[in-house]
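This report walks through selected strands, a helix pair and a few individual residues. Please keep the sequence and the 3D view at hand while reading.

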Amino acid sequence: MEKFYTTTAIDYVNGAPHIGHAYEKILTDVIYRHFTQRCEDTYFLTGTDEHGIKIQKTSAAQGMTPKELCDMNANKFKDAWKALGVEYSQFIRTTDDEHEKIVQKIFKKLVEQGDIYKNSYTGLYCQGCEAFLSEKDLTEDGLCPDHLKKPEVVSEENYFFKLTKYKDAIIKHIKTNPDFIIPSFRANEVLNQLENIEDISVSRAKSNVTWGVPVLGDDDQVIYVWIDALSNYITALGYDPDGSSEKFNKYWPAEVQVIGKDILKFHSIYWLAILMALDLPLPKHILAHGWITIDQTKMSKSLGNVISPTSVLEAFNLDCPDPLRYYMASAAPCGKDGNYSDEDFKEKVNAHLANSMGNLLNRTLSMLVKYFEGDIKPEFKVKSELFDKALETVKAVKHHFDYFEVQEAAQKIIELVDVTNKYVTDNAPWTLAKEGQMDKCGEVLTTVLEVMCVISSLIYPYCPNIAKAMAEQLSYNLNTKLDDVNCDNIKVGHLIDKENIKPVFLRMDSELADKSKK
């Protein structure tokens, strides 16, 4: 793979980030970091969606201008992703001048080629979705199924995009590319939505919405969310109908666009049609992840169970985001819903990161110091079935990431940790040392340390700080590409001193991990 370009949905900034937003960004960051281990040229885009009626109303209610609200909340999202170790390549805001200019040019191009036309329209508009809904989209009580509110009847003269023109091409693309929508079971859902698809409104009258990108040549209209927000994936790279940048030509199309299942329709239908109208390549994959519930209950402001991701770090006194990254990235099978609970979070990361993985490295290095003063002897000739298991795990993890199965890949890594712990128990190096079988003892310890190098590479996308701490104690080059990972990393000579052996992750209920007890 020569390059890898991935995107997240851009978050609406009428509020602060919650753990659902964090799930998507962590998931995408883990995917991105994994593929940086497999190819030289990677790019990761995220950002914020900053136009529309909700921003207009929320800012007015708070006595702010729309731009002031956007600036304030966009920074909250940036701060949250920094705290969670989300290392995006670019953060785009739809209020960026360059984005707005290109959106106007895209809109103008589509008008000129007949893909956008003007028409009067009366429809059911949901402010929460920022979308017109049809009667069949509503619940039996006439409510929006996502926001459980009755949409308002809106009559406007708007610009419409000829979505129906591209219906057959979209259906053909989905059917001939069964791995385009991930997980694949969501493809039928999209195909069903396509059956009764209609042209969509892509502007709003300024009499109703003032906070938006103006339509060139029509002072009465602003460009609506679909052309504005969806175009961020290409405007960020420097797409321009009059001549695109080198960066756009290098990175587009995206290898995977990561979104929530609730906006799959817009990305697998509307976005594809816009790209087809612009005569641009389509993304390779759309990954629609599930939702994160809180203690098995859907997040809701009215229930008061909306959790800030940074509040979790603060509540558990975590200086490092790796535990939350690991927990969230492995919270759900590909495309399914996941759950967050404080107790499960603590139990899972303690079991996997502290008890199994961290303790394995710590006790192995401690035995190396105890029995061999931290030296790897030339006579430690090692070859073990455990090596084969480690290299098989590398292949398995790569395979799962090829299908963006992030939880499933994490399970394979922990399986390798468990097998390695069993290898230590079965071979009992402490007994070998007691019996004077020092070469055999050294071989067991060196074998485990070799496998720990592999584990540090595999766990890196989930836990970059822990992986770096592991690699440092192993004198292992964490920049090793996954194709080059092997079991020949531990060099003969002095490896480590006692004072340099440190736990890579402390149990969250340990006295050392709890600052309040220090």
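Buried means under 20% relative accessible area, exposed over 50%, and partly exposed in between, with a 1.4 Å probe and protein chains only. The model is a predicted one, in which local features need pLDDT of at least 70 and side-chain atom pairs count only at pLDDT 80 or more, while totals for chains, interfaces and linings use all residues. Residues are numbered from 1 along each chain as its sequence is written, and side-chain values use heavy atoms, with hydrogens and water left out.

Strands and helices are DSSP runs numbered from the N terminus, with at least two residues (E) for a strand and at least four (H or I) for a helix. Two strands pair if DSSP finds at least two bridges between them. Strand S14 is joined in parallel by two bridges to strand S8 (residues 181–182), where Ile181 stands opposite Ile286. Four bridges, again parallel, join S14 to strand S13 (residues 256–260), and there Val258 has Leu287 as its bridge partner.

S9 is joined to strand S7 (residues 152–161) by two bridges, the two strands running antiparallel, and Phe161 stands opposite Ile200 of S9.

Strand S7 also holds Glu156 and Glu157. Glu156 is buried, with a relative accessible area of 6%, whereas Glu157 counts as partly exposed at 42% relative accessibility. Contact here means heavy atoms within 4.5 Å. Leaving aside neighbours within four places in sequence, Glu156 is in contact with Asn119, Ser120, Tyr121, Ser203, Arg204, Ala205 and Asn208, and Glu157, with the corresponding neighbours left aside, is in contact with Lys118, Asn119, Ser120 and Gln221. The C-alpha atoms of Glu157 and Thr122 are separated by 8.7 Å, although these residues are 35 residues apart along the chain.

| Side chain | Partner side chain | Distance |
|---|---|---|
| Glu156 | Asn158 | 3.2 Å |
| Glu156 | Arg204 | 2.8 Å |

Turning to the helices, H15 (residues 406–427) and H17 (residues 438–459) pack at an angle of about 170° with their axes 10 Å apart. That makes H15 roughly antiparallel to H17, a term for angles over 145 degrees. The axes are lines fitted to C-alpha atoms over the stretch in contact, and angles run from 0 to 180 degrees between N-to-C directions. The residues of this contact divide into 11 nonpolar, three polar and no charged, where Ala, Val, Leu, Ile, Met, Phe, Trp, Tyr, Cys and Pro count as nonpolar, Asp, Glu, Lys and Arg as charged, and the others, Gly among them, as polar.

Helix H17 also contains Ser457, which counts as buried at 0% relative accessibility. Not counting residues up to four places away in sequence, Ser457 touches Gln37, Tyr476, Leu478, Leu482 and Val485.

Terms used
Parallel < 35°, antiparallel > 145°, perpendicular 65-115°, else oblique. Polar contact = N/O pair within 3.5 Å; in protein donor to acceptor, adjacent residues only side chain to side chain.
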